[in-house]
Amino acid sequence: MSQPFRTEKGGRIDRSEQFTFTFDGEEMQGHKGDTLASALLANGIHLVGRSFKYHRPRGIVTAGSEEPNALVGIYRNGDQTPNLRATQVELYQGLEAISQNRFPSLGFDVGAVNDRLSMFFPAGFYYKTFMWPKSFWDKVYEPVIRAAAGLGKPPKNPDHDSYGNLYAHCDVLVAGSGPAGLSAALAAAESGAKVILCDEQSEFGGSLLTEANASIDGMAPSDWVAETIARLGAMDNVTLLPRTTAFGYFAHNYIALAERVTEHLASPDPKLPRERLWQVRAKEVVIASGAIERPMVFPENDRPGILLAEAGRTYLNRYGVKVGHKVVVATACDTAWQAAFDLDDHGVEIAAIIEMREVPPESLVAIAKARGIRVEAGCVITGTLGRKRIKSALLGRLMTSGQVASGGQVECDALLMSGGWTPTVSLYSQSRGKVVWDADSGAYVPGKSVQKERSVGGAKGLYGLQATLEDGYAAGEEAAKAAIGTSKKVTYAAASGGEAGEGGTLGALPHDRNASKVKAFVDYQNDVTAKDVKLAVREGMQSIEHIKRYTTTGMATDQGRLSNMNALQIASGALERPVTDVGLTTFRLPYTPTTFGLFAGVARGDFFDPVRKTPSHDWVVDNGGVFEDVGQWKRTWYFPKSGEDMHAAVARECKTVRESVGLFDASTLGKIEVVGPDAAEFLERMYTNPWKKLAPGRCRYGLLLNDAGFITDDGVIGRLADDRFHVTTTTGGAPSVFATMEDYLQTEWPDLDVWITSTTEQYAVAAVQGPKAREVIAPFIEGIDLSNEAFPHMSVKEATFCGVPCRLFRISFTGELGFEINVPRRHGKMMWETLAKEIEKHDGTSYGTETMHVLRAEKGYIIVGQDTDGTVTPQDAGMTWAIGKKKHDFVGKRGLERPDLVSENRKQFVGLLTKDPKVKLEEGAQITTAENPATGTPAEGHVTSSYFSPALDRTIALAVVKNGHALDGKTLYVPMPDRSISVEVTGPVFYDKEGARINV
Amino acid sequence: MSDVLANDLITPDAGVSPLLSQSDVSILKAAPIARLSFRAREAALANAGTAFGVPLPTQPLSSEIGAKRAALWMGPDEWTLLAPEEDLETLFETIETALGDQPHALVDISERSEAIIVSGEKAVWLLNTGIFVDFSIEEFPVGTVSRTIFHKSPVMIWRTGADTFVVEAWVSFMDYVSGLLVQSAQELTAA
Amino acid sequence: MLLVYCPYCGVSRPETEFSCRGEAHIARPADPAQTSDEDWVNFLYMRSNTKGVYVERWRHIHGCGRFFNAVRNTVSDDFLKFYKAGEPMPDLEELAKEAGK
């Protein structure tokens, strides 16, 4: 039986259940109920890591989530999670842990040379040492620093775990389940409020699980916890969430909780998420986050074996682990004495109590004397000896002169320290509350509530078991009253023991050592010493915000919960200003480190974003089509036949459409049904074009501007009846066009009798384009004479397709004869398959978005968002023909008259032909007048679209160029890194300039 | 009454096997149905209700149900009218005729969305994995209907029973919505 | 995540169900043709961008679809009032005073 530091009895561990685990490959035993930290300590292991900068040996310091040193990697399912706090890792059978930031091993670490070279790593060394040469940054400094510093290694594989999400509402959320949290939850729940109680630890109870020398209602505190939790658990209005950290407090009482669901299990069911994000909206919040003990800042205070006194007590009373066999207790406050007494009860030798105060309370001294414990009052620790674990502590006697006289040496294998208590104000601070300085307790405590919350107990600097319980009850009643309007007075439990105690100290302790040679750590995790903080002040840092960033103190994973107050005091001394003038850094979320997986939740893999498919999707997959993402939509990009690359496929598709016929899925285009007596008036006001005289059965191209005068969208609009229009928009513009229309309708013209309805997904749309388009659709359409005379270009009519009602448009985005058939969505698949089969008879092809782009570019049709960028007017685009000249007003009309929009030198839409027909320009490339312009020459414009045109058997491009409309035939240049390409400016229409092909 | 409605107007699609069938929660695809978007000012409501066969509710987020009919409040001038799909054309004509010159807009949106039926004692839990609405029966009583967001998709939720919800989404979002619901329900079967 | 009350639906929902459309009570000039360049530019672009109590247009875009107005303190994010589109702008000083007490 190993575990030489396990007590014989006591603690909350299950001694009947033994777990085997490994640390750096070495096999050890622990028990159910242990954390990795308590199990390591039971095996006598204090050294668990190397420090960040100096690679100094470091041991476990705390028993909670604020642990700065014991960061470990845990192996699970073949992968490793780094930087977990051993104090929070629950032990399970087979747990595999590794230490971090050491090479080659924890015991012998070559990086420890940094400790000897520490004069080269003072505060702010990043900013001083690695300034030049500049080129060294990414090649030398950064890789070397990254390899030497840092903590755990990131996992190599994709995260194989899943993460859950749950939204919840409650009347009262209680964060923390110590005496104040439990009594608050009880009072609120008994009042009838819906309560969520969460605690970051595996068990509810907080400090009550450590408290061995007190009683509540005649029960041991841990028994009272069990009884209270049983009571709460039996109530329908209570949700109990252990292993759940309230890590973020947002606006309007929105609180984020991280629940660790499976990490404590040896082999969890893979169906369970690893963690769950709770997004809680609470009417009232009770912050019961307690207080944590402060380390004392004395030279070599970072040696393994040095822990906080309360942590030593927690390991003893909760986990049945002795932190050492011979322990020194160094303190400036009463509470640490209890640690000495508890250890003494378990047969641990207390080498001495080193009390900083000249006159500690007589009652405590009397108990110590009765137990035969040596007490040294008016003394401090001035240093420690031992390599990988403390061997002895150096004593210093405080003189009235302020000097320290050597007081000899005390042998020990562990040292417990207490500089007093610091309220955990993180959540309060996150709620945007401003902390206030409480001179009596020497601590920052919550000030006025900004949101609907209240801090209770230790979190607001209130200590002592009875007082804390009462504070909790009162807060629970108050919260319930505020949330649900009623509260019930519950019977308060009566406690004895667990007194508050007095005392405490802040900042670096005086010593008699060579100040330039010793290191007294303020922030363990970031290796920040008292010296560093003073240096930062000497170098001009005045505000704590600057000192923090210069020294990195308080930037550890605990966000300075352990270090801030000591750093503040040191800075205050160096600045010779009161501590309240130095300021306090703001606590931000997350309260403790939170996984990326928790934030990502289900938004990964197939469910990263909705994938929207059209009814032709399956057919396209079966027929080898290639998709592109257009927003959330999957659109067919092109249809390669075997052996074809994209270029070949697109060239064939383009040629086929122009020569015979092509089939294109236009379902994703936005569709809006505009209905009501004022429908035409509304469109008249929205679009540049005139609508009132458009006859039912006819369509018109519509151009949409914003009120500034810039093009925002376009599409064909068909009039189905006097009071009913079928509006189409671009695929990407559909939601914003709809929102813009609603905006004008509701807020500018609420008097109009017209309503808009999105019908984008009501219809599946097939575009049949090409000289043979009519022949292809004719067999399936009933109810329309499709002849050019009866159903000319820009017509719309309701008919049937294979017996299914349809809206048939005769429109073209290719320059060829074209039809677009809208059928109710569920018939989309049938329509597509019918047409796909039919076009084969005419040697036609299905085509995708790339071919659509080429065909429209050949005709000089703009694509909003590609050829326009939000600064292009209809004049710029050469589309003044789309503006209703007689209209008094439309959205954008007044904007178009602004001086800047009618001035010279605007960029205008043109075509470009490269002198070499084989050279294809890059979209986005800049255009200049000089062939090889000097660096810094402003561009005249840029290429917006560029393709190989099969119809012209050469490349074509569209561009916006300053005064482009006047440059027809002129030569410009497109300078590229390797050469300058000369281009000729042309009109934007390259193919069938007369538009004859469309009217056949 | 509302549970009857789910069996009456909203029915599981007979041709499709359940998307999810667990002891505590199930997801069934609903059969196609006629959906009409009706928009009008207050003056037209009475006539519309008479023509439709069920009065159009004016209480926000509420629904009115009748024989093979349901009218859902979507906004202060917007209702979704539900009826069996074979009634679509006659219903459209009936309402248009009844309203005559009264300003209004009636649009067929039957095909725009699909519905699933989420029911069981864990239905609320499951919906809350992706929807931030408080579904406690006091805050969201039976008959309540509301558009909202499920993760990244707009949806419509209609509570037809204490443990029964109709969840509608635009068709192209339904794979995402039902897929995530099915995935999130898996942990309920964990040992 | 802010909690926004929709005066049409009568419920509060998280802000993701809404879309904020900037400062409220900026009316499009009744006769744009008679509006000076300067006034038109002010209408298009100039906003008070107050640090403090500010009136905003919100739309319940994923709910009832209605536009409404909200008075929000841009420093604290507290909403002081929600009201339907078309209703007059409340007395902001009065609201701020009430909220401050």
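Helices (H or I, at least four residues) and strands (E, at least two) are DSSP runs, numbered from the N terminus. The model is predicted, so that local features need pLDDT of at least 70 and side-chain atom pairs count only at pLDDT 80 or more, while totals for chains, interfaces and linings use all residues. Residues are numbered from 1 along each chain as its sequence is written, and chains are lettered from A and ligands numbered from 1 in the order in which they are written.

**Exercise 1. Describe the make-up of chain C, from its order of elements to its burial.**

Step 1. Along the sequence, chain C runs β-β-β-α-β-β-β-α, which comes to two helices and six strands.

Step 2. Taken along the principal axes, the C-alpha atoms of chain C fill a box of roughly 40 × 35 × 20 Å.

Step 3. A residue is buried if 20 or more other C-beta atoms lie within 10 Å of its own, exposed if 12 or fewer, and partly exposed in between, with C-beta atoms placed from the backbone. Of the 101 residues in chain C, 31% are buried.

Step 4. Two residues are in contact if their C-beta atoms, placed from the backbone, lie within 7 Å. Among contacts in chain C between residues at least 6 apart in sequence, 49% join residues at least 24 apart.

**Exercise 2. Work out which elements of chain B touch chain C, and with which classes of residue.**

Step 1. The contact joins 12 residues of chain B to 12 residues of chain C.

Step 2. On the chain B side, the elements giving two or more residues are strand 5 (69–75) and strand 9 (145–150), and strand 9 of chain B gives the most, with four residues.

Step 3. For classes, Ala, Val, Leu, Ile, Met, Phe, Trp, Tyr, Cys and Pro count as nonpolar, Asp, Glu, Lys and Arg as charged, and the others, Gly among them, as polar. The side of chain B that touches chain C then has seven nonpolar, three polar and two charged residues.

**Exercise 3. Divide chain B into domains and characterise the contact between them.**

Step 1. Domain bounds come from an automatic or database domain assignment. For chain B this gives domain 1 (2–31 + 112–186) and domain 2 (34–108), whose C-alpha centres lie 23 Å apart.

Step 2. Domain 1 of chain B and domain 2 of chain B each put 10 residues into their contact. Helix 1 (2–8) and strand 9 of chain B each supply at least two residues of the domain 1 side.

Step 3. That side of domain 1 of chain B, where it touches domain 2 of chain B, has four nonpolar, four polar and two charged residues.

**Exercise 4. Describe the packing of helix 2 of chain B against helix 3 of chain B.**

Step 1. Two packed helices are described by the angle between their axes and the distance between the axes. Axes are lines fitted to C-alpha atoms, for helices over the stretch in contact, and angles run from 0 to 180 degrees between N-to-C directions.

Step 2. Helix 2 (residues 45–52) and helix 3 (residues 88–99) of chain B pack at an angle of about 145°, with their axes 9 Å apart.

Step 3. Helix 2 of chain B makes the contact through B:Asn47, B:Ala48, B:Thr50, B:Ala51 and B:Phe52, and helix 3 of chain B through B:Thr94, B:Ile95, B:Ala98 and B:Leu99. By class, the contact has six nonpolar, three polar and no charged residues.

**Exercise 5. In chain A, is A:Ala230 buried or exposed, and how many residues of helix 7 are buried?**

Step 1. A:Ala230, which lies in helix 6 (residues 221–233) of chain A, counts as exposed because it has 9 C-beta neighbours inside 10 Å.

Step 2. Helix 7 (residues 309–317) of chain A is mostly covered, with nine of its nine residues buried.

Step 3. The buried residues of helix 7 of chain A, among them A:Arg313 and A:Tyr315, pack against elements of chain A including helix 1 (36–42) and helix 8 (335–345).
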